[in-house]
Amino acid sequence: MTTPDAPLQIGIIGHGAIASYVIANAPKAGATVRCAICRAGREDAAAAVFGPNVQVTSDLDSLPPDLAIVLDCAGHAGLLAHGPRILGTGTPVATVALGALADKALTEELDRAARRGRTRLHLASGAIGALDALRAAAVGALTRVTYRGIKPASGWRGSPAEDLLDLATLGDAEHEHFRGSAREAALRYPKNANVAAAVALAGIGFDDTECVLVADGNAIGNTHEIEAEGEFGNLRFAITGRSLPDNPRSSALAAMSMITQLRDRQAVIAF
Ligand SMILES: NC(=O)C1=CN([C@@H]2O[C@H](COP(=O)(O)OP(=O)(O)OC[C@H]3O[C@@H](n4cnc5c(N)ncnc54)[C@H](OP(=O)(O)O)[C@@H]3O)[C@@H](O)[C@H]2O)C=CC1
Ligand SMILES: O=C([O-])CC(=O)C(=O)O
């Protein structure tokens, strides 16, 4: 049994840029990484990232039953593949892949699994802030919420922006390549619109949140802007985050927000 001072025993899904940050910083939050979940056939690649002291598996049946939490750092595919099973066994999961919840069927499956396991799926704040204010504002009537995400060319590689823009020759200008609902953005840009999903989930939902995605040849970081109006008043928020060294698409703050998930589990005076 875990005492308040014993390290949290945690699992991690994925072995990419966010997972690497979490592995390096979990001890700061009093956590020990006990196991890693990868896709079948990727065990060696995952083991190279996690090192010899962490159990690496693609088989959820071999997960230790007493993990304090599993951090999903693998994106939409990881949450889809592993989230329901892990939640169903009673282990909480925290995810950065909020955009996956734009898929109503997956959300329902996760909801059923968490209820069955009497546990919770925690949504990390990721690369954005101000979600606390937006959530409180949503208690009154919110009349408009817009999200604008701006990244340099490297941040849009591997996304549908590549079909619309020549990312190699963006020049100085801003190039809008998506305008629509947060749901459509989250489904079309699984590696880039999780922040749009976070804003939607905190505020007025996937279908009513307006989303604009922009590639900017001059951008030196990943900028996220929220504007909201409602009964509470109005809100404007902007943040420019540095990306992680291993992935120009992903802001370091997203990985940091997973470490706060670990801190939150142990805090007795908490936000
Ligand atoms: N909420 C937010 O603000 C943010 C959310 N994100 C989300 O986080 C995700 C991860 O980001 P990042 O670490 O930078 O991405 P990386 O591409 O660096 O890493 C993704 C990792 O996930 C693994 N993976 C993929 N599918 C599965 C699966 N089914 N089971 C287990 N592991 C899997 C990949 O393994 P393999 O090599 O085998 O494919 C890889 O190790 C992004 O794709 C995005 O969806 C990112 C940034 C911000
Ligand atoms: O990391 C970021 O800046 C945002 C991101 O990729 C996402 O919203 O999925």
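How far apart do the C-alpha centres of domain 1 and domain 2 lie? The answer is 25 Å. Before going on, a word on the source. This is a predicted model, in which local features need pLDDT of at least 70, side-chain atom pairs count only at pLDDT 80 or more, and totals for chains, interfaces and linings use all residues. Residues are numbered from 1 along each chain as its sequence is written, while chains are lettered from A and ligands numbered from 1 in the order in which they are written.

Now the domains. Domain 1 covers 8–123, and domain 2 covers 131–248. These bounds come from an automatic or database domain assignment. The contact between them takes 14 residues from domain 1 and 14 residues from domain 2. Two residues are in contact here if their C-beta atoms, placed from the backbone, lie within 7 Å.

Look at the side of domain 1 that touches domain 2. Helix 1 (17–25) and helix 3 (75–88) each supply at least two residues. Helix 1 gives the most, with four residues. Helices (H or I, at least four residues) and strands (E, at least two) are DSSP runs, numbered from the N terminus. By class, this side has nine nonpolar, five polar and no charged residues. Ala, Val, Leu, Ile, Met, Phe, Trp, Tyr, Cys and Pro count as nonpolar; Asp, Glu, Lys and Arg count as charged; the others, Gly among them, are polar.

Next, ligand 1. It is surrounded by 34 residues, and the closest are G14, G16, G75, G126 and S250. A residue counts as near a molecule if its C-beta atom, placed from the backbone, lies within 6 Å of it. Helix 1, helix 3, helix 8 and strand 13 each give two or more residues to this shell. Helix 3 has the largest share, five residues. Both domains take part: at least three residues come from each of domain 1 and domain 2. The classes are 19 nonpolar, 11 polar and four charged.

On to ligand 2. Among the residues around it are A127, N194, N222, R249 and S251. Helix 8 and strand 13 (247–251) each supply at least two residues of this shell. Strand 13 gives the largest share, three residues. By class, the shell has four nonpolar, six polar and two charged residues.

Which residues does UniProt list for "binding site"? The unreviewed entry names A127 and N194. UniProt positions are in the numbering used here, feature names are shortened, and annotations may be inferred rather than shown by experiment. The two are spread over 68 residues of sequence, yet the largest C-alpha distance is 8.6 Å.

A127 is in the loop between strand 6 (121–123) and helix 5 (131–137). Why is A127 called buried? Because 24 other C-beta atoms lie within 10 Å. The rule: 20 or more other C-beta atoms within 10 Å of its own, placed from the backbone, is buried; 12 or fewer is exposed; in between is partly exposed. Leaving aside neighbours within four places in sequence, the contacts of A127 include H224, G241 and S251.

N194 is in helix 8 (residues 194–202). N194 is also buried, because 30 other C-beta atoms lie within 10 Å. Not counting residues up to four places away in sequence, N194 touches V96, A97, L98, G99 and G126.

Last, H224. The unreviewed UniProt entry lists H224 for "active site". H224 is in strand 10 (residues 222–230). H224 counts as buried, because it has 26 C-beta neighbours inside 10 Å. Beyond four places in sequence, H224 touches A127, I128, G149, V195 and I239.
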